[in-house]
Amino acid sequence: AFGVIADIQFADAEDGHDFFGCRRRYYRHSLRLLQEAVRAWAGESPPIDFVLQLGDSIDGQNARRGEAESALQKVLEVLGQLSVPVHHAWGNHELYNFSRARLVHTGLYSRPAQGSDGPADTECHAYHCSPAPRLRLVVLDAYDTSTLGVEPGSLRYQEALRVLRKKNPNDDLNSPEGLKEPHFVAFNGGFSQGQLDWFDEVLKFSDENGEKVIVMAHVPIHPSASNGVCLAWNYEAALSVIYSHRCVVCVLAGHLHDGAYCQDCHGVHHLTLDGVIETPPDSNAFGTIYVYEDKMVLKGRGRIPDRVMHF
């Protein structure tokens, strides 16, 4: 069993609204909702084995307020009350607050220190582990190719900007207006070829060893588990890797605050979790997933509905 939560986006700030000014965001209350989730997970019987934090743990406005470090510390302190590992995905809001080089030295870098469980690029926050026999968790970095968190003069930035500009001519690169492929916006990102090649090798190993694989990333990789905008740039390439193997049973993501779900034509479940940040203080948005031989059962809290996902 393991806990799941997405898009906490904590800031020590008054309530605000999303980029379009129509959705309320509860910046300060999100930390209290995280505390409630941690208390619930700590009381689980039998106990949970780990927690997946699906990205955007703090809000981008912390950078403008000079409070990125203190906000992150508060979130990590709450999660640190758990006696089990927490696996973190990196989201766009982490990269609004910190460079990739800095994130490597924070508590959000949950990739094993020895580095052998991830891609050669140690700033790529992707790795795998086996939390239980015949079960493997793969954490993907959906901003490995991105204009966020990297120096504008760097090759990494220039390549990401080239990919983005090819599809998005808008002055505001965060605007999907008029785009044939509206997911090519700056608040999304993509997977490098190096990460995809590594991912393919991990799944090959899991196939050969009869494992079931759970994948997590901040950004959804299936259009039907998205709104068409909140979607990884090269989601087709990630799905192609998954579909060339038979071991992946579920892909977990955040980023889309309304949440979404689909089971694709290959039988893979894609579950996008509702975001804590837009959850009213009298509700919540987290869950516990129980893994069995033939299914995963999500016990949701607040906005998260219960769900049974058969393999």
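Two points on how to read the values. The model is predicted, so to speak, by record: local features need pLDDT of at least 70, side-chain atom pairs count only at pLDDT 80 or more, and totals for chains, interfaces and linings use all residues. Residues are numbered from 1 along each chain as its sequence is written, and side-chain values use heavy atoms, with hydrogens and water left out.Start with the overall picture. The protein has 8 helices and 14 strands. Both are DSSP runs, numbered from the N terminus: helices are H or I with at least four residues, strands are E with at least two. The radius of gyration is 18 Å, close to the 19 Å of the globule rule for 311 residues, so the protein is as compact as a globular protein of that length. That radius is taken over C-alpha atoms, and the rule is 2.2 Å times the number of residues to the power 0.38. Along the principal axes, the C-alpha trace spans about 50 × 40 × 35 Å.

Of the 311 residues, 58% count as buried. Buried means under 20% relative accessible area, exposed means over 50%, and partly exposed is in between, with a 1.4 Å probe and protein chains only. Take the contacts with a separation of 6 or more: residues 24 or more positions apart account for 63% of them. A contact means heavy atoms within 4.5 Å.

Now the surface. The accessible surface comes to about 12,900 Å², and 50% of it belongs to carbon and sulfur atoms. Areas come from the Shrake-Rupley method with a 1.4 Å probe; for residues, only the protein chains shown count as cover. On charge, there are 28 positive and 40 negative side chains. Lys and Arg count as positive, Asp and Glu as negative; His and the chain ends are not counted. The centres of the two sets lie 2 Å apart. Each charge is placed at NZ of Lys, CZ of Arg, CG of Asp or CD of Glu.

On to the cysteines. How many disulfides are there? The count is 0, where a disulfide is a pair of cysteine sulfur atoms within 2.5 Å. Cys262 is buried, with a relative accessible area of 10%.

Let me turn to the backbone. Ser45 and Pro46 are joined by a cis peptide bond, with omega about 0°. Pro46 sits in the loop between helix 1 (29-42) and strand 4.

Then there is positive phi. Gln9 is not a glycine, yet its phi is near 50°. Gln9 lies in the loop between strand 1 (2-5) and strand 2 (16-17). Is Gln9 buried or exposed? Buried, with a relative accessible area of 0%. His255 has a positive phi too, about 80°, although it is not a glycine. His255 is in the loop between strand 9 (248-253) and strand 10 (260-263). At a relative accessible area of 7%, His255 is buried.

Gln9 comes back with Ser57. Ser57 lies in the loop between strand 4 (50-53) and helix 2 (61-65). Ser57 counts as buried, at 1% relative accessibility. What does Ser57 touch, not counting residues up to four places away in sequence? Ile8, Gln9, Phe10, Leu72, Val75, Glu94 and Leu108.

First up, Val150. Val150 lies in the loop between strand 7 (135-139) and helix 6 (155-167). At 16% relative accessibility, Val150 counts as buried. Not counting residues up to four places away in sequence, Val150 touches Arg100, Arg156 and Tyr157. Val150 and Glu293 are 143 residues apart in sequence, and their C-alpha atoms are 42 Å apart.

Leu239 next. Leu239 is in helix 8 (residues 235-243). Leu239 is buried at 8% relative accessibility. With residues up to four places away not counted, Leu239 touches Ile221, His222 and His270.

Pro182 is found in the loop between helix 6 and helix 7 (193-208). Is Pro182 buried or partly exposed? Partly exposed, at 24% relative accessibility. Leaving aside neighbours within four places in sequence, Pro182 is in contact with Pro176, Gly228 and Val229. Pro182 and Val308 are 126 residues apart along the chain, and their C-alpha atoms are separated by 31 Å.
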